[in-house]
Amino acid sequence: MSSETASLFQPLQLGDITIRNRVGMSALTRNRAPGTVPNDVMDEYYVQRAVGGAGLIQVSAWKKITDDVHAAGSYIYAQLWHLGRVSHPDAPEQKLAGVPVYAPSAIAARGGKFRHLPGLPGYVTPTAIDDPWTIIKQFKEAATNAKEAGFDGVELHGANGYLITQFLDTNSNQRTDQWGGSVENRSRFGLEVLKALVEVFGRNVAVKLSPTGGYNDRFLKMPLQETLDTYSYFITEADKLNLAYITLVRYSAMTDVEFEWKRATYHDIVESYRHLIKNAKVFVNAGVTPEEGAKLISSGTADAISIGFSWITHPDLVKRIQHGKPLNNIPDFPHLQWGKSEKDLRVGYTDYPEAEY
């Protein structure tokens, strides 16, 4: 372990648990659960990364996986999310749910292609949610299920243009009731979801936010001052709920790219919002290298970092950092998400090699 990365290997208390280091593994959409049912390949994947040193894994999986992750010395949060308007009625999961594509308002997202559906369709005009309390209740039920499945906590996905973000943004939320209009009203849905999760998991609840984010369109580009006002209020109120941590997702040139219309509202996320968080621990995510992460932690700017893509390609990521090994596995881009048979599920998923130690 070099002196440059030493701060990454300090333990950190999150709610009721203490993680062994400050390198979290982001929840990542890998689509390896045919019919939405977890399987042994998923178990292998998460255990590889627990053995590889992940301090905290944020994931959507279930009981056997949580037991095996714990046995490997790590902890695991379930990420709870609702796609809102960026789902599609022909998606297998949407058909399985048997409900329309919901959103705060009947406004379609722009851009986007569903590569796994015939004809590569784009976004549809969603059905406006009649009573948001119904969806809040579903989030609470999901948290109850996660607790029964052995997860150590839950992280609310409030980033990347999904339902929480759609309520926050004035381009996707044009309601005139208590759930839309003012900053307070647009923040209400996400805050009420967090309160419902806290009822189940106590202080073992987190939230992930991407204030710049044009990912999944969001339409979604509030003016800068409106963005600052909205997220400053939301973060301040969320921090009063005794959360375990808040993940701040920075601008990413790869996911927040601009096309013929501007998507992202670029600003320095850490500079703009970190000072508002007085109680929860702070994770910084998106393009954070181990060396930069160590500096963020040493300076007190962050309590931990959350890494995504490098965990996909390096099951032993933390061990490599500790031993000064390069992160040099080549990404298998064609198999990042899709697999059509049990054998295919492992390709580009559990077949990345570890370094030699």
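Modeller: Let us begin with phenylalanine 283, which is buried because its relative accessible area is 0%; buried means under 20% relative accessible area, exposed over 50%, and partly exposed in between, with a 1.4 Å probe and protein chains only. Please keep in mind that this is a predicted model, in which local features need pLDDT of at least 70 and side-chain atom pairs count only at pLDDT 80 or more, while totals for chains, interfaces and linings use all residues. Residues are numbered from 1 along each chain as its sequence is written, and side-chain values use heavy atoms, with hydrogens and water left out.

Biologist: How does one describe a pair of aromatic rings?

Modeller: Such a pair is described by the distance of the centres and the angle of the planes. Rings of Phe, Tyr and Trp (its six-membered ring) pair if their centres lie within 6.5 Å, and planes under 30 degrees apart count as stacked, over 60 as edge-to-face and the rest as tilted. The structure holds 13 aromatic pairs. In one of them, the rings of tyrosine 245 and phenylalanine 283 have centres 4.6 Å apart and planes at 45°, so this pair is tilted. Because tyrosine 245 lies in strand E10 and phenylalanine 283 in strand E11, the pair ties together parts that are 38 residues apart in sequence; helices (H or I, at least four residues) and strands (E, at least two) are DSSP runs, numbered from the N terminus. Tyrosine 245 is buried too, with a relative accessible area of 0%.

Biologist: Is the pair of phenylalanine 309 and phenylalanine 333 stacked or tilted?

Modeller: The centres of those two rings are 5.9 Å apart and the planes stand at 25°, so the pair is stacked. Phenylalanine 309 is partly exposed, at a relative accessible area of 34%, and phenylalanine 333 is exposed, at 52%.

Biologist: Which strands pair with E11, and in which sense?

Modeller: Two strands pair if DSSP finds at least two bridges between them. Strand E10 (residues 245–249) and E11 pair in the parallel sense over five bridges, and leucine 248 stands opposite valine 284 in E11. Three bridges join E11 to strand E12 (residues 304–307), again in parallel, where valine 284 stands opposite isoleucine 305. From E11 the chain crosses through helix H9 (residues 290–298) to E12 in a right-handed β-α-β crossover, which means that, with the strands pointing away from the viewer, the path from the first strand over the helix to the second runs clockwise. Strand E11 (residues 281–285) is mostly covered, with four of its five residues buried.

Biologist: What does leucine 194 touch?

Modeller: Leucine 194 lies in helix H6 (residues 183–201) and counts as buried because its relative accessibility is 0%. Contact means heavy atoms within 4.5 Å, and, not counting residues up to four places away in sequence, leucine 194 touches Leu156, Val205, Ala206, Val207, Phe234, Ala238, Leu241 and Leu243.

Biologist: How many helices and strands are there in the chain, and what share of its residues is buried?

Modeller: The chain has 12 helices and 12 strands, and 54% of its 357 residues count as buried. Among contacts with a separation of 6 or more, 70% come from residues 24 or more positions apart.
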